[in-house]
Amino acid sequence: MRLIVESGQKNRSCTLLPELSVPEYRMEASLLRGQELHLPEVSETEISRHYTALAGRVHGVNNGFYPLGSCTMKYNPKINDEIAAMEGFSNIHPLQPEYTAEGCLEVLKEAEEILTEITGMDAMTFQPAAGAHGEFTGLLLMHAYHTARKDSGRTKILVPDSAHGTNPASAAMVGYTIINIPSTEHGLVDLTALKAALGNDTAGLMLTNPNTLGLFDTNILEITRLVHEAGGLNYYDGANLNAVIGRARPGDMGFDIVHLNLHKTFSTPHGGGGPGSGPVGCKKNLANYLPGNRVARDGENHYLLQQEESVGRVKMFEGNFLIVLRALTYLLTLGKEGMADISGNAVLNANYMMKRLEDTFEVAYPGVCMHEFVLTLEKLKEETGVSALDMAKGIQEYGIHPPTMYFPNIVHEALMLEPTETESKETIDRAVDIMLQLYDKAQNEPERLKEAPINQPVRRLDEVTAARKPILKHSDEEHCETCVE
Ligand SMILES: *Cc1c(COP(=O)(O)O)cnc(C)c1O
């Protein structure tokens, strides 16, 4: 497929701007660009066809089942977009006077109130643009807290080996040393190893509960207590909140800081480069360090409050405001009672799917799971040569997005499935039937699976070259050689 800049013809256009009605202004020559700007010169039909074709090459929740573990690819209700498109919300400018954006400030305040109640926190910032950005921000709060107490020897962050890769990466970006905490054979935090790692150099612990194996850590109160006793803080990676929302709160589990992924748990757009939103909540004693402006309420009025000891801005203005508005719409649509239904159905769907698969596939940590579970295809690969990757490519042929592969790292040949609460029994049954058929295929015709996918827009990609030599920018001179018509 051609890129949009490679389509069209010289001087073709579809300008929709009205004719100039003011005197033309010529900029100083020194301010003009030296080279002509290469913009696509296409007609409206071409634009429309181009983006329709592109959309057809992508798999989203509106195309089919998307059981991508850890990512909570749930349905995004259309009412969220309808509200976000309202002119009073979409036609504002971040620099317009505060009193003219009263409704928008109220949205932020109300979202903060509901989400702090859900998480058991006291205050929240909406600046971070994603989960990983929230982790970075949360760790800055942790750093500010220790610094303010003149406790400068705390240089280490403890991270369990089942953690998402962003956890150690964010800790490293804030300048911390990462200590890896192993999991027990049951997939939970190894308490003995945790105790051995804790000391007066511990800044804090980063944990997601349930963890990325889909298991709720039954020792959670003991874990957070031990970290506090050692003088550290507890950071909750909220990416898995879908499993416990409306039923258990990170604040009650002993966590001090939380990030949420509005694009996961709270049904806002996900993937494709965003925009996402990763608000960070914290307990009272950390609220002063939150970045940027927070919204305060005075009777009916709202205004932006400067934080005295803020760690500084992490994003322009109030973050991805329209994403927060979508999440608030979702929260208000479901109401308080609806929150517990999310987690109840998410956990039910995952257990149903796991039960139907477990006699054929090997579940990495058998038992009751939370909102997701992990299969290991290690034995299947030994027997047949068919890997988790081959299985994932085979699943694609049926209009189903592959599960998360090769994560968490502690499970070999891992496939991690998260059906979410918005899928029907029929959809899950179909996916299970397909996976069972593919398992048979792996035994009888493994070479067929090694060739998959055959019916997708692209076959197997050269992922190593894509990672090692990525082409990130289109250049007019070097015409893209890899483009296929
Ligand atoms: C998705 C995810 C993250 C990172 O969130 P982004 O919004 O993708 O930056 C962190 N931890 C876990 C467990 C996740 O699933």
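Author: The model is a predicted one. The buried residues of helix H12 are Ile-428, Asp-429, Ala-431, Val-432, Ile-434, Met-435, Leu-438, Tyr-439, Lys-441 and Ala-442. The helix that carries them runs over residues 425-444, which is 20 residues. From its first C-alpha to its last, H12 reaches 29 Å, close to the 28 Å expected at 1.5 Å a residue. An α-helix has 3.6 residues a turn, so residues three or four places apart point the same way.

The next point is what lies against these buried residues. They pack against helix H9 (321-357), strand S11 (373-376), helix H10 (378-384), helix H11 (388-396), strand S13 (414-417) and helix H13 (446-451).

Two packed helices are described by the angle between their axes and the distance between the axes. For H9 and H12, the axes come within 10 Å and cross at roughly 30°. An angle under 35 degrees counts as roughly parallel, and that makes H9 roughly parallel to H12. Their crossing is right-handed. On the H9 side, the residues in contact are Asn-349, Tyr-352, Met-353, Arg-356 and Leu-357. They meet Lys-425, Ile-428, Asp-429, Ala-431, Val-432, Asp-433, Met-435 and Leu-436 of H12. Sorted by class, the residues of this contact are eight nonpolar, one polar and four charged. Ile-428, Asp-429, Ala-431, Val-432 and Met-435 are among the residues of H12 that are buried and are also among those that meet H9.

H9 has another helix partner, H4 (residues 102-119). The axes of H4 and H9 come within 9 Å and cross at roughly 45°. That makes H4 oblique to H9, and the crossing is left-handed. H4 brings Cys-104, Val-107, Leu-108, Glu-110, Ala-111, Ile-114, Leu-115, Glu-117 and Ile-118 to the contact. From H9 come Phe-321, Val-324, Leu-325, Leu-328, Leu-331, Leu-332, Lys-336 and Met-339. This contact has 14 nonpolar, no polar and three charged residues.

Thr-329 also lies in H9. With a relative accessible area of 9%, Thr-329 is buried, since buried means under 20%. Setting aside neighbours within four places in sequence, Thr-329 is in contact with Ile-79, Asn-80 and Ile-83.

Cys-369 is found in the loop between strand S10 (362-363) and S11, and S11 is one of the elements that the buried residues of H12 pack against. At 3% relative accessibility, Cys-369 counts as buried. Not counting residues up to four places away in sequence, Cys-369 touches Gly-214, Val-347, Ala-350, Asn-351 and Met-354. Between Cys-369 and Tyr-352 there are 9.9 Å from C-alpha to C-alpha, with the two residues 17 apart in sequence. Tyr-352 is one of the H9 residues that meet H12.

Phe-317 is found in the loop between strand S9 (301-306) and H9. The phi of Phe-317 is near 50°, a positive value in a residue other than glycine. At 26% relative accessibility, Phe-317 counts as partly exposed. Thr-420 has its place in the loop between S13 and H12. Thr-420 is not a glycine either, yet has a positive phi of about 70°. With a relative accessible area of 1%, Thr-420 is buried.

The peptide bond from Ala-452 to Pro-453 is cis, with omega near 0°. H13 itself is among the elements against which the buried residues of H12 pack.

H9 is roughly parallel to H12, whereas H4 is oblique to H9.

Terms used
Residues numbered from 1 in each chain as written. Predicted model: local features only at pLDDT ≥ 70, side-chain atom pairs only at ≥ 80, totals over all residues. Heavy atoms only, no water. Helix = DSSP H or I, 4+ residues; strand = E, 2+ residues; numbered from the N terminus. Expected span 1.5 Å × (residues − 1). Buried < 20%, exposed > 50% of the residue type's maximum accessible area, 1.4 Å probe, protein only. Contact = heavy atoms within 4.5 Å. Axes fitted to C-alpha atoms, helices over the stretch in contact; angles between N-to-C directions. Parallel < 35°, antiparallel > 145°, perpendicular 65-115°, else oblique. Left-handed = near helix turned anticlockwise from the far one by under 90°. Nonpolar A, V, L, I, M, F, W, Y, C, P; charged D, E, K, R; others polar.
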